[in-house]
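Let's walk through this structure together, piece by piece. Keep the picture open while you read.

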Amino acid sequence: MAQAVAAPLRRGFLTTLRHDRWWVEPALVFVSLSLFFGWLTASIVMDWGPFGNYEVEGTHLLSPVFEPTWLTAINADWKGAWYLSPAFIVLIGPVPFRATCYYYRRAYYRSYFLSPPACAVGDVAPSYRGESRFPLIMQNAHRYVMYVALVFVPLLWIGAIRSFHVPGEGWGIGIGSVLLALNAFLLMMYTFSCHSLRHFVGGGLNCFSCSAWTRARKRVWDYVSLWNEGHRFWAWSSLLVIVAVDVYIRLVANGQITDPNTWSRF
Amino acid sequence: MNETVNVRVFRGDAESGGWRDYAVEVEEGQVVLDVIHRIQATQAPDLAVRWNCKAGKCGSCSAEINGQPRLMCMTRMNLFAPGEPITVAPMKTWPLVRDLVTDVSFNYETAKTIPAFKPRPPEADGFWRMQQEDIERGQEFRKCIECFLCQDVCHVIRDHPANKAAFAGPRFFVRLAELEMHPLDTEDRLELARRDAGVGYCNITKCCTEVCPENIHITDNAIIPLKERVADRYFDPVRWLGGKLFGRRRP
Ligand code: SF4
Ligand code: SF4
Ligand code: FES
């Protein structure tokens, strides 16, 4: 159906009548996501070089990328065997959780897939089926990685709380341990504000008032709904902070800086 | 305090048309629709534009102002910086009738495909009872004024017209979510949502939410919950097994 279309109404990649700076947001998201995930990818395998240590010796200050610690301990054997970084554990939980997260999907579909780059700006894809076909239909598995990600919430809190204790010196407080607690808190909020969790706790119900059980679920749903409004904020803040804490602990662990704290050593 | 601004309006039909510049006087407090009316009254009596309430409630005056889908009657002229070029174009996703008027019948046809509310039998005294907490979610969706701006901005059909056969669009996901979450409704529309309405085409990039003049959280409160319900039914082997073993429950 070849039909002439008046020039101002044509379709096509990047075609738009917008003259505001619509490209700023996708460009910023592209740069930030690339930087943060680039660093985290490097961090997973980086156990050599000037930033190679990711745990401050004699303490429980461990980069959260490498939580949980007890796995790091077992890992001594794995490492010899297949040279597997203990941080590969994040590949079964946190990484797929973020990759299939409804917020991150919005972010990377816009900034990386340019589908669309911004609202009312032409889509890059010549034909489009979205998440209705393989491979993107796999995004429906988000709930499963959410269940796994939930396990990481207590694990990170345990790691953070342990960091307030130095073997042989007892309990205390330092910038590193505070940062780890902040990291655990933000990761918890990011997980607890998940859209799939919101559905799981009560969103799937049609009648909240029908029984004591559904009324209880409604109360939890109310909280998750409240946190869910800030899902984008939790997604970014938890990502920024895990990168910052990883960098900080590596700097301390490799002797570049000293962690201000109440203990006498390091 | 009146000032004269330059407004660029699309004139023409689908085959031929282009921009026409008008110098118009603007009074304080006026909206884009006022300016279009002034052009109509003083310079171009044949300028086609659809409107009704001028109060953001009838959903007739949808257009694209500086490339952004908006209601003309709710876009104040003081939104624009002095000297900023102002363009007014018809919605891009629908066939153009003339000037700013498009044929939005896609939406009326799509509406017909959604099975209506089907309540369960009333209680013994002949009444239906619902609790406020159970219908609150649906009340947000009922604010919809059917301006079809969300439909217009959605890249699934805006940039890929061929998808119109397979995709109902955000306004109808709002409608489907409203009915599916209704505490009294007994109809099952999840197969429709997945197969005919194509909720899977949506990649939750949220432009519909950005343009909705009623501030309905289309993506967060309607589309994502709908996707999750569809996932419960079709993409969740554990739930599927649970359903087979213990029977499906629909509270
Ligand atoms: S969020 Fe989905 S329905 Fe809304 S505009 Fe984007 S692709 Fe379309
Ligand atoms: S959901 Fe919002 S944008 Fe879409 S038709 Fe209704 S009022 Fe308009
Ligand atoms: S004229 Fe009714 S919504 Fe603008």
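## Chain A at a glance

Going along the sequence, chain A runs α-α-α-α-α-β-β-α-α-α-α. That comes to nine helices and two strands, where helices (H or I, at least four residues) and strands (E, at least two) are DSSP runs numbered from the N terminus. Before going on, note that this is a predicted model, where local features need pLDDT of at least 70, side-chain atom pairs count only at pLDDT 80 or more, and totals for chains, interfaces and linings use all residues. Residues are numbered from 1 along each chain as its sequence is written, while chains are lettered from A and ligands numbered from 1 in the order in which they are written.

Of the 266 residues in chain A, 38% are buried. Here "buried" is a residue with 20 or more other C-beta atoms within 10 Å of its own (12 or fewer is exposed, in between is partly exposed, and C-beta atoms are placed from the backbone). Among the chain A contacts with a separation of 6 or more, 72% join residues 24 or more positions apart; a contact is two residues whose C-beta atoms, placed from the backbone, lie within 7 Å.

## A covered helix

Which helix of chain A is mostly covered? Look at α4, residues 102-111: nine of its ten residues are buried. Among them are A:Tyr102, A:Tyr103, A:Tyr104, A:Tyr108 and A:Tyr109. The cover over the buried residues of α4(A) includes α1 (24-45), α3 (94-99), α7 (195-203) and α9 of chain A, plus α9 of chain B.

Now over to chain B, with ten helices and seven strands. Its C-alpha atoms fill a box of roughly 70 × 40 × 30 Å along the principal axes, and 45% of its 251 residues count as buried.

The largest nonpolar core has 112 residues, and those touching the most other members include B:Met72, B:Phe173 and B:Val174. Such a core is a set of buried Ala, Val, Leu, Ile, Met, Phe, Trp, Tyr and Cys residues joined through C-beta atoms within 7 Å. Helix α9 (residues 231-253) of chain A gives the most to this core, with ten residues. The core also draws at least three residues from each of domain 1 (3-102) and domain 2 (105-246) of chain B, with bounds from an automatic or database domain assignment.

## Where the chains meet

How many residues does the contact take from each chain? Chain B gives 51 residues and chain A gives 45 residues. On the side of chain B that touches chain A, α9(B) gives the most, with seven residues. That side divides into 21 nonpolar, 17 polar and 13 charged residues (Ala, Val, Leu, Ile, Met, Phe, Trp, Tyr, Cys and Pro count as nonpolar, Asp, Glu, Lys and Arg as charged, and the others, Gly among them, as polar).

## Around the ligands

Ligand 1 has 14 residues around it, and B:Cys154, B:Pro170, B:Cys202, B:Cys207 and B:Cys208 come nearest. A residue is near a molecule if its C-beta atom, placed from the backbone, lies within 6 Å of it. This shell around ligand 1 holds nine nonpolar, four polar and one charged.

Ligand 2 is surrounded by 16 residues, with B:Cys144, B:Cys147, B:Cys150, B:Arg171 and B:Cys212 the closest. Helix α6(B) gives the most to the shell around ligand 2, with three residues. That shell is made of 13 nonpolar, no polar and three charged residues.
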